[in-house]
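This report goes through one chain residue by residue and element by element. The sequence and the model are shown first.

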Amino acid sequence: MTFNYSRASQLFTLLLLLALAPATFAQDTNNTSQTATAQTAARGQKLKVKGIVTERTADTFTVQDVSGAKTVVRLSDRASVKTKGGVFSGGTSYPSTNILRGLNLEVEGRTDETGTLIADKVRFNDSDLRVARSLQARVDPVENRVGTAENRIGEVEQNASRLSGQLDELAAVSNAARGGAKAAQDTADAALVGVNATNERIAALDDYVAQQTLTVNFRNRSAVLSREAKEQLDQLATQSQNARGFVFEVSGFASAEGGPEANRRLSQRRADAVIRYLVEEHRIPLRRIITPYGFGEAQAVADNTTRAGRQQNRRVEVRMLVNRGLAQPAPDMNPTKVTTATTPEF
């Protein structure tokens, strides 16, 4: 049989044109969409926005494009959130919790009467998602600590004002009678202890300690929670109801079966499954959850060459971290006054 080189060359040229056509079309669409934002688009107008997520709430997020224009986006009930695929392959789907501040993405949908873009399609690259996760893992704890510290500083200022009035009273009693001098000194010492304790609590606001660690195991190549795993998460969520200043740190892992990249994606899906269960079944606020991360087959806790070891490595670790400053008991800022039997009159 004779090989037809001319026909093979024509087929290769056709495939190359098909591969380049989506990229050319996307470029033209991006250039056109940058001329309008959801604020200027008519209601129901189809719109495509490309930019970086600058704000994130429970229901919406804001995208800022290269021109500085900001668009508020809300996901529709049928919204598709996934990574960009190649010419012959699709991307990986993600829950909406992975739309993070700092994520570079593309959004397609239609505007409503308020100018909000109701998105049906959200696309981004795996590399941009990893960058956004790394950024949020560093920024969110700092913002939470700053907000908590500001509240505590306000309380300290109020306590200092009350202490100032108490010390003035003690000074008057000390001047009125020698017998009140010792009582004033004792009360002042107690007040100083309270101030020192408050300062120690403020210094500990950026220090988190692990109060409890939970390990959830999975079946081979599965990211589905078992009944036993759900019961473990139910107990952890119940215990967190009485905790103050806590966050959940969720890390996914896999055994060494399969390729490294496939194991990394599998471990991420396992971590996302745990987060989804805590949020949907127990209404754990998103601000209480550190961005989940899949470590793949790294950080194994057992030997991957044995069946029992691989079973232990197919896991998600959930750590409940509690702020050390808020966990400490509040100091007694109102010490009991000591009075003498009689107070001389002048």
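Which residues does S251 touch, not counting residues up to four places away in sequence? In this predicted model, the contacts of S251 are Y293, F295, R315, V316 and E317. S251 itself belongs to strand β7, which covers residues 246-252. With a relative accessible area of 12%, S251 falls under the 20% limit and therefore counts as buried.

**The chain as a whole**

The protein chain has seven helices and nine strands. Of its 346 residues, 34% are buried. Among contacts in the chain with a separation of 6 or more, 71% are between residues 24 or more positions apart.

**Helices α4 and α5**

Two packed helices are described by the angle between their axes and the distance between the axes. For helix α4 (residues 227-240) and helix α5 (residues 260-282), the axes come within 11 Å and cross at roughly 60°. That angle makes α4 oblique to α5. The crossing of α4 with α5 is right-handed.

On the α4 side the residues that meet α5 are K230, L233, D234 and A237, and on the α5 side they are V274, Y277, L278 and H282. Sorted by class, this contact of α4 with α5 consists of five nonpolar residues, one polar residue and two charged residues.

The length of α5 can be checked against its residue count. At 1.5 Å a residue, the 23 residues of α5 should span 33 Å, and the C-alpha atoms at the ends of α5 are 33 Å apart, so the two values agree.

**Positive phi values**

Most residues other than glycine have a negative phi. R283 is in the loop between α5 and β8 (293-294). Its relative accessible area is 73%, so R283 is exposed.

A further case is Q299, a residue other than glycine with a positive phi near 60°. Q299 is placed in the loop between β8 and α6.

Where does F61 lie? F61 is part of strand β2, residues 60-64. F61 is buried, because its relative accessible area is 2%. Leaving out residues up to four places away in sequence, F61 touches V53, E55, R56, T71, V72, V73, L75, I99 and V107. The C-alpha atom of F61 is also 8.6 Å from that of L100, a residue 39 positions away along the chain.

A58 is in the loop between β1 (46-56) and β2. Is A58 buried or exposed? A58 counts as exposed, because its relative accessibility is 65%. Computed along the sequence A58 and R287 are 229 residues apart, while their C-alpha atoms are 9.5 Å apart in space.

**Helix α6**

Q312 sits in helix α6, which covers residues 307-313. At a relative accessible area of 42%, Q312 is partly exposed. Apart from neighbours within four places in sequence, the contacts of Q312 are N217, V301 and A302.

**Pairs separated in sequence**

The C-alpha distances given above are listed here.

| Pair | Separation in sequence | C-alpha to C-alpha distance |
|---|---|---|
| F61 and L100 | 39 residues | 8.6 Å |
| A58 and R287 | 229 residues | 9.5 Å |

Terms used: Residues numbered from 1 in each chain as written. Predicted model: local features only at pLDDT ≥ 70, side-chain atom pairs only at ≥ 80, totals over all residues. Heavy atoms only, no water. Helix = DSSP H or I, 4+ residues; strand = E, 2+ residues; numbered from the N terminus. Buried < 20%, exposed > 50% of the residue type's maximum accessible area, 1.4 Å probe, protein only. Contact = heavy atoms within 4.5 Å. Axes fitted to C-alpha atoms, helices over the stretch in contact; angles between N-to-C directions. Parallel < 35°, antiparallel > 145°, perpendicular 65-115°, else oblique. Left-handed = near helix turned anticlockwise from the far one by under 90°. Nonpolar A, V, L, I, M, F, W, Y, C, P; charged D, E, K, R; others polar. Expected span 1.5 Å × (residues − 1).
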